[in-house]
Amino acid sequence: AMLHREIRWERMVGDGGMPSAHSAVVVSITTMIARSQGFSSPVFALSFVFSMVVLYDACGVRYETGKQAHVLNEIMTNPDSELSKMTFNVKLEELVGHTPFQVFVGAIVGLIVGLIF
């Protein structure tokens with residue numbers, strides 16, 4: 001089935017799709033650091049944690065936001081349809097991002113923890 005699909009070259013540089021460029025880049029960097037610095041290196045530990053944050057974000061926030069965009073696009077392209085006619089097998093997550101204030105407070109907490117420890 002995949003052999004008969006048209007290749008969309010713009011997907012090679014756009015967001016989303018297969019494979020995840022974010023995942024590939026961070027895992028590649030982490031692997032290179034492990035090979036050159038070793039698994040017990042503080043740089044590897046930092047890279048590994050950073051990679052886990054990026055992978056979590058790619059699977060969670062970005063995926064959920066894509067589902068929401070799909071629903072909104074359906075609504076905009078079919079303005080005559082009623083929302084109650086749309087059925088979903090999962091409830092869309094509404095809290096997928098952070099407000100600027102939440103990001104600011106998180107940054108301050110991180111700064112304080114980093115200075116203490």
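**Close-up 1. Exposure of F39 in the predicted model.** In this predicted model, F39 has a relative accessible area of 65% and is therefore classed as exposed, the threshold for that class being over 50%. The ring of F39 pairs with that of F44: the two centres lie 5.2 Å apart and the planes meet at 80°, so the arrangement is edge-to-face.

Close-up 2. F44 counts as buried because its relative accessibility is 13%. With F48, F44 forms a tilted aromatic pair, in which the centre-to-centre distance is 6.0 Å and the angle between the planes is 35°. Both F44 and F48 belong to helix α2, where they are 4 residues apart, or about one turn of the helix. F48 is partly exposed, its relative accessible area being 39%.

**Close-up 3. The aromatic cluster of F39, F44 and F48.** These residues, F39, F44 and F48, make up one aromatic cluster. Across the whole structure, the search finds 2 aromatic pairs.

**Close-up 4. Contact between helices α2 and α3.** Helix α2 spans residues 42-59 and helix α3 spans residues 61-77; their axes come within 3 Å and cross at roughly 15°. This angle makes α2 roughly parallel to α3, because angles under 35 degrees are assigned to that class. On the α2 side, the contact involves Y56, D57, A58 and C59, which meet V61, R62 and Y63 of α3. Classified by residue type, the contact of α2 with α3 comprises 5 nonpolar and 2 charged residues, with no polar residues.

Notes:
Residues numbered from 1 in each chain as written. Predicted model: local features only at pLDDT ≥ 70, side-chain atom pairs only at ≥ 80, totals over all residues. Heavy atoms only, no water. Axes fitted to C-alpha atoms, helices over the stretch in contact; angles between N-to-C directions. Helix = DSSP H or I, 4+ residues; strand = E, 2+ residues; numbered from the N terminus. Parallel < 35°, antiparallel > 145°, perpendicular 65-115°, else oblique. Contact = heavy atoms within 4.5 Å. Nonpolar A, V, L, I, M, F, W, Y, C, P; charged D, E, K, R; others polar. Phe/Tyr/Trp six-rings, centres within 6.5 Å; stacked < 30°, edge-to-face > 60°. Buried < 20%, exposed > 50% of the residue type's maximum accessible area, 1.4 Å probe, protein only.
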